[in-house]
Amino acid sequence: MNKDLRGLGVSAGSAAGPAVRLGTPPKLPDVVPAVADTGAEADRAVAALEAVGDFLRRRSAAATGQAADVLAAEAMMARDPVLATKVRDLARGGRPAAWAVSEALASYRELLTSAGGYLAERAADLDDIADRAVALLLGEPMPGIPAPGHPFVLLATELAPADTATLDPAAVLAIVTERGGLTSHTAILAKTLGIPAVVSCPGIVAVPDGTVVAVDGSAGTVVVEPAPEQVEQAARRRAERAERLAAAHGPGRTRDGHLVKLLANVGGPADVAAAIAAEAEGIGLLRTEFLFLDRHDEPSGEEQRATYAEILGGMGGRKVVVRTLDAGADKPLAFASQEAEPNPALGIRGLRLDGLLPALLDAQLEALAHAAKDTGADVWVMAPMVSTPAEAAAFAARVREHGLPVAGVMIEVPAAALCAARIIEQADFVSIGTNDLSQYTFAADRQAGALAPLLDPWQPALLQLMAMTATAGRAAGKPVSVCGEAASDPLLATVLAGLGVTSLSMAPPALAEVRAALAERTLAECEAAAAAALTATTPAAARAAARAAAES
Ligand code: PEP
Ligand code: MG
């Protein structure tokens, strides 16, 4: 058949192998059985949800890092008391247990889907809970990852976190899903596990089990029934990649020794081990809001101090850049929410919340200052969503008031990049958040799979804004980091080094590939790649120009 399919490449690497589709979820029978004892039926329904919650909690305990957090959050959803009440009401009203569970979760799913963005991408979690509970109630096996007894490429409409988190990278050569965006769990967890993945790939679930497919997780391509030389090419690339990564060690540096610090993006204490294992030179972005996403009330100063100290202490004296709470839009925090806004991404989020809730930032800075003292760590603090030099100045003053010596800001709003020179006068360093900088530059929701071409980090407008920021940093002699997804693209990392970026921060599994890419080029080659990329008028041309210049 040799058919080419296209999707979004979300986790780098190549592989070819036989396809195996995810086990199909249970189907409710067409005939609805009568219920004799509605009270007992309600108990059965709630017990099934509790059993699913326990199962997910056990999987969370067996997983690490983000995978563990994602599963713990799903377990909480399964045991949500409001959900249990709804299920109980439906069962008491005469619906059999499996139907009550399915219908209650379907109504939640609709709410999440209509909320859009980050919340809509959590709909897969609810489907997973429903499928597992219904399977239990119908006496069927829980749906999940197949175990054919040989390495395979996993195909699915969408993967639930419970499935992805326990994937064995030795058995699963690659993942391809029909749905999912850049920030779906499939994308995040596949990257964490180092499994090549393509999401948003229409037509993939129609591919029959056993068909050989070749997957390129960087290009986002899938070849169905590839020619033998395409299979060989994928296997060769896989082996070469493994060899290159195994050879790259130590601090980030170009071939001629120009240092570019390689740092980790971390969401909680559980990620620290992965950062250390990947030889991160520190943390370049601690997303503190991730520590408290499931909290209804503001965590106390003592609790914050202990959590920060755990992370700072775990990094053994390496530098840690802590971002103050970035609440709002795609990262809602119950205790830092404001009235519903028509456009949350353009509303009161990040540092802007300080205007409404100043005590929140002061409490966080105080807890951080204590944790820094407790651990003797090298703590840098930065603010998200800064738009003007005045905001940068006010934030830096607040940080220093709390005795924290290094204050920086994120450059993730185009206005901040355009005024980078004046912003950097007010701060000790800046860090470019390319996820939001792309979203705001292109007026394109960062979670919308359909807008991915606009969110390509090689877009000329984004490259220009990053270049302006790097130039401002160089002129001021102050550090400029990149901590958005762009930093984890190995070729783009060399361009950023060539632009004068001094550190790159990314999910720990991406570090080895970026370390290897930097080590293969001299600073002059990186600079040539940067100059060439800046002349291009399309992302594809920028990539090609950078590659040609870096290799000439
Ligand atoms: C960014 O916007 O690029 C960034 C690093 O922050 P976050 O993804 O947490 O918004
Ligand atoms: Mg951001």
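**Close-up views of a predicted model**

**Figure 1. Lining of the second largest pocket.** In this predicted model, 22 residues line the second largest pocket, and those nearest its centre are Leu-22, Pro-25, Asp-131, Thr-157 and Glu-158. Two or more lining residues come from each of helix 6 (123-138) and strand 4. Helix 6 makes the largest contribution, giving 5 residues to the lining. Sorted by class, the lining comprises 9 nonpolar, 4 polar and 9 charged residues. The volume of the second largest pocket is about 410 Å³.

Figure 2. The strands follow the order 1-8-7-3-4-5-6-2, and their pairing is mixed. Strand 1 (3-6) and strand 2 (8-11) form the edges, each pairing on one side only. On average, neighbouring strands of this sheet are turned by 30° against each other, direction ignored.

**Figure 3. Helix 9 on the sheet.** Helix 9 (residues 228-247) packs on the sheet of 8 strands. The strands touched by helix 9 are strand 3, strand 5 (172-177), strand 7 (212-216) and strand 8 (221-224). The direction of helix 9 makes about 115° with that of strand 3.

**Figure 4. The pairing of strand 3 with strand 4.** Strand 3 (residues 14-21) and strand 4 (residues 152-156) run parallel and are joined by 3 bridges. Within this pair, Val-153 in strand 4 stands opposite Ala-19. Strand 4 is also one of the elements that give two or more residues to the lining of the second largest pocket.

**Figure 5. Surroundings of Gly-210.** Gly-210 is located in the loop between strand 6 (197-199) and strand 7. With a relative accessible area of 47%, Gly-210 is partly exposed. Residues up to four places away in sequence not being counted, Gly-210 touches Pro-18 and Ala-19. Ala-19 is the residue that stands opposite Val-153. Gly-210 and Val-153 are separated by 57 residues in sequence and by 9.4 Å in space, C-alpha to C-alpha.

**Figure 6. Thr-522 between two helices.** The loop between helix 19 (511-519) and helix 20 (523-535) contains Thr-522. The relative accessible area of Thr-522 is 15%, so this residue is classed as buried, the cut-off being under 20%. Leaving aside residues up to four places away in sequence, Thr-522 touches Thr-254, Arg-255 and Asp-256.

Technical notes: Residues are numbered from 1 along each chain as its sequence is written. Chains are lettered from A and ligands numbered from 1 in the order in which they are written. This is a predicted model: local features need pLDDT of at least 70, side-chain atom pairs count only at pLDDT 80 or more; totals for chains, interfaces and linings use all residues. Side-chain values use heavy atoms; hydrogens and water are left out. Two strands pair if DSSP finds at least two bridges between them. Helices (H or I, at least four residues) and strands (E, at least two) are DSSP runs, numbered from the N terminus. Axes are lines fitted to C-alpha atoms, for helices over the stretch in contact, and angles run from 0 to 180 degrees between N-to-C directions. Contact means heavy atoms within 4.5 Å. Buried means under 20% relative accessible area, exposed over 50%, partly exposed in between (1.4 Å probe, protein chains only). On a 1 Å grid over the protein atoms alone, a cavity is a set of points where a 1.4 Å probe fits but cannot get out, and a pocket is an open set with protein on both sides within 12 Å along at least five of seven lines; lining residues have an atom within 4 Å of a point. Grid points are joined across faces, edges and corners, and a volume is the space filled by probe spheres set on the points. Ala, Val, Leu, Ile, Met, Phe, Trp, Tyr, Cys and Pro count as nonpolar, Asp, Glu, Lys and Arg as charged, and the others, Gly among them, as polar.
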